[in-house]
Amino acid sequence: MYQVHPKLNLFLRLSVMLAFLLASVHLYAEKIKEKRHNVTPMIGFAMNSTSPFTISPSPNLKIDYVNGDNFRIPLSLRYQYRMRHGHLLGLDVLANYNPLYLKPAYYSNDQNGFVGPSVLNQSGNMLGGDIHYSKVIDIKIIEVFGFVGIGGYFLQPDNSLLGDFNWYKNADPEFYEFAVAASNNSSKKFLPVSTFGFGARFKHLEAGINYQYSLSSPVNSFEYQGVKFNNPIRFRSLGYYVAYRFEF
């Protein structure tokens with residue numbers, strides 16, 4: 001039987017071990033290169049608004065839905081999972097603010113116009129989240145990306161002043177019934193929103209634009225003297241943010 005020379009046998013064994021070692025190092029390097037998880041804290045500024053709208057059940061009564069403090073600094077925390085190169089599925093935890101307040105009013109002959117108080121039907125602060133898909137394109141050392149998603153905010157109704165309006169003095173009698181009907185329990189508890197945006201990333205730093213649009217009104221419909229009044233307003237938020245991405 002043919003006998004392999006001892007030095008050749010040792011060389012073959014060392015070659016196999018070296019090839020295995022190189023393959024392991026290559027696989028480990030690929031694993032490092034193909035990190036699948038991203039966590040990104042985000043901060044920026046946004047212009048929040050609601051569609052202006054008025055409901056007037058009679059010539060002497062109306063309620064206006066008006067924007068308050070539009071400029072805000074929303075916060076969010078983003079997690080993304082890379083399904084394959086350039087395709088990510090993510091979750092956002094969101095904190096934002098709804099600037100809406102209500103103005104039930106009656107026509108005053110003395111004032112020659114509508115008068116009434118301004119009231120809040122919810123605290124304004126909103127906590128929520130979304131699920132989104134993101135597409136990334138590599139352009140040399142910069143990554144350009146876009147994303148689209150759906151989610152929502154939990155609202156915090158505040159009816160402390162809306163159960164009756166006796167605290168507002170000297171109004172016409174019909175105002176009090178109308179103001180309670182139009183304002184009390186008017187805030188929804190959950191507001192569904194769509195979200196989309198785009199941005200650019202250099203290494204771990206990124207900046208982008210985020211736009212949110214509610215899929216329904218943040219305000220419930222109400223009934224007054226047997227007639228139901230719907231509210232078609234929408235919440236909108238246009239934000240600009242900066243962020244730092246952690247990968248693992």
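User: Which residue forms a salt bridge with E143, the closest N and O atoms being 3.6 Å apart?

Analyst: This is a predicted model, in which local features need pLDDT of at least 70, side-chain atom pairs count only at pLDDT 80 or more, and totals for chains, interfaces and linings use all residues. Residues are numbered from 1 along each chain as its sequence is written, and side-chain values use heavy atoms, with hydrogens and water left out. A salt bridge is a side-chain nitrogen of Lys or Arg within 4 Å of a carboxyl oxygen of Asp or Glu. With its closest N and O atoms 3.6 Å apart, the partner of E143 is R245.

User: How many residues apart in sequence are the parts that E143 and R245 tie together?

Analyst: Strands (E, at least two residues) and helices (H or I, at least four) are DSSP runs, numbered from the N terminus. E143 lies in strand β10, whereas R245 is in the loop between β15 (235-244) and β16 (246-247), so the parts tied together are separated in sequence by 102 residues.

User: Is R245 buried or exposed?

Analyst: Buried means under 20% relative accessible area, exposed over 50%, and partly exposed in between (1.4 Å probe, protein chains only). R245 has 7% relative accessibility, so R245 counts as buried.

User: Which residues do salt bridges that share partners join into one network?

Analyst: The side chains of R201 and E143 meet at 2.7 Å, N to O. R201 also meets E206, at 2.9 Å. Through shared partners, the salt bridges join into one network E143, R201, E206, R245 and E247.

User: Is T40 buried or exposed?

Analyst: T40 sits in strand β1 (residues 37-50). Contact means heavy atoms within 4.5 Å, and, not counting residues up to four places away in sequence, T40 touches S76, L77, R78, E206, A243, Y244 and R245. Its relative accessible area is 2%, so T40 is buried.
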